[in-house]
Amino acid sequence: MVTGSPAVPSVVLTGTPVVPGAAYGPALLARAEISPAAVEAFGSGGYADDEAALAAYDAAVAAVADGFARKAEKASGAAAEVLTASAGLAKDKGLRGAVRKHLRAGDDLLASLHAGVEQFVGIFTGMGGLMAERVTDLRDIERRVTAHLVGEPEPGVPTPELPSVLVAEDLAPSDTAGLDPALVVALVTERGGPTSHTAIIARQLGIPCVVGVGGAMGLAGGTPLLVDGTAGTVESDPDAAEAERKVAADRESRAALAAWEGPGRTADGTAVKILANVADGESSSQAAGAPVEGVGLFRTELCFLNRKDEPSVEEQAQIYAEVLRPFHGRYVVVRTLDAGSDKPVAFATHEGEENPALGVRGLRLSFDNPALLERQLDGIAAAAKSTDTETWVMAPMVATVAEARAFSAQVRSRGLKAGVMVEVPSAALLAHRMLEAVDFLSIGTNDLTQYAMAADRMATDLAHLTDPWQPAVLQLIAITAHAGQQAGKPVGVCGEAAADPLLACALVGMGVTSLSMAAAAVRPVGARLASVTMDVCEEAAEAALSAADPMAGRAAVLGVLERA
């Protein structure tokens, strides 16, 4: 029970809603600080020479990377992926080289560490996209390495003594991945957008989450907070009885959602395929137990982020078969390498691009290296044959009809269904012509939003633009879905927007035929769709498309659904 203070007026802060649900608890502030006294006492470290200082750096880095790896072993899905990536980033040779350079220039170890990190902060920020998000990871690594050097415990989220609302400026993957949903009832961050690591892992854990909340760090620790992950609000010192009532109602609603077992359809029987997003064999096996009709997005590049050499066709076939096999009798949509920009793969991606988010990534990697795609398609085809699992294949970052046609020919020659991702606005505007060349389309709302709105999806200051509820983005989705209806071919959504139960209803009303999401979102989305008719979904679509901005869109759709 949280007790409010009647002497303190209630204040409502707003942000971007990420995971729906209501939660009430005291604010638990996470501050990633290391004792200034410990840093001062450490001083220059007293090392005999540069090599001794570098050896101390290596030992501290190894300890930090091992910590990430141990957490990754206990985690799964998105949490395991980001922790593994953080372990690799901590041991990055380029970062070590930058630290060594500053040591040799006469800087002490802590100054060299900071300078090396700042060098890469600048590089990652300039790259934009999800690489810009890695700035949070870099600073987290710097704090953890510094802690080991000065003899302090690694910083991170404090362990709450009672169920609390975790409030932070931003959260590193190592913080969010280890959260206990029984003790952390909601997440509130001052920075971050709807596709940040915090948001992705919050969805996986099913914790109500609101990001980009201005003024969140100004809240005092212990302040009672009511978090509404549907409306995107954080209310301080609310009426305690009313807050408890809202949480109880939300709890009842979630219990009802948990009972949903599919298949996906509206209340009047319109079929909507509910699918899972997976990254590897383990996440596929877990998702196979959910009430889904298949996999709508298998992110193949996540299998290879730590690979220096391209795996053989045979090895790729084995890796893909582990994902396909649990869905024998259903179907799996495999995305070819979405490498580049925020997801560098050593054996595939280009280095040194001035603007990698708009550079050689996704399908474009095959333009000057066609054998890379050929070998991957051979591996996918072999996996499909060995598992006897229906397999669809789609390419990311398709911008022209000619690209779609060429890719489709390659896929169909291997006896598989061919599709393309709609992430580039040109693909949406030409969706009717794309569908003349391919069997299906899948809308990646994360990239479509940042390209349509010309806003880096990781820029906190632009979170209002990188919201998939933006009317312009919804118009592009509607154009694509309408093209699918005219062609009689499926159009799905596999971006984070599919995991939003409110938006899912509007998407179905636009004509979207499948929704693919993290397993934790399957039941909330499926149950919400089952509660409304197709007519209501179409009304929700019109409300969302007509809204002036994302917040107005959410409110309008919620109003439509509540009246139904």
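The buried residues of helix α18 are Pro501, Leu502, Leu503, Ala504, Cys505, Ala506, Leu507, Val508, Gly509 and Met510, where buried denotes under 20% relative accessible area, exposed over 50% and partly exposed in between, with a 1.4 Å probe and protein chains only. The model is predicted, so that local features need pLDDT of at least 70 and side-chain atom pairs count only at pLDDT 80 or more, whereas totals for chains, interfaces and linings use all residues. Residues are numbered from 1 along each chain as its sequence is written, and side-chain values use heavy atoms, with hydrogens and water left out.

The buried residues of α18 pack against α17, β15, β16, α19, α20 and α21, contact being heavy atoms within 4.5 Å; helices (H or I, at least four residues) and strands (E, at least two) are DSSP runs numbered from the N terminus. Just after α18, glycine 511 adopts a positive phi of about 115 degrees.

Across the whole structure, a search finds 18 salt bridges, each defined as a side-chain nitrogen of Lys or Arg within 4 Å of a carboxyl oxygen of Asp or Glu. One of them joins glutamate 261 to arginine 523, with the closest N and O atoms 2.9 Å apart; glutamate 261 lies in the loop between α9 and β9 and arginine 523 in helix α19, 262 residues apart. Glutamate 261 is exposed at 52% relative accessibility, and arginine 523 is partly exposed at 24%.

A further salt bridge pairs arginine 361 with aspartate 338 (3.6 Å, N to O). Arginine 361 is buried at 1% relative accessibility, and aspartate 338 is likewise buried at 1%. Salt bridges that share partners join Glu301, Arg335, Asp338, Arg361 and Asp447 into one network.
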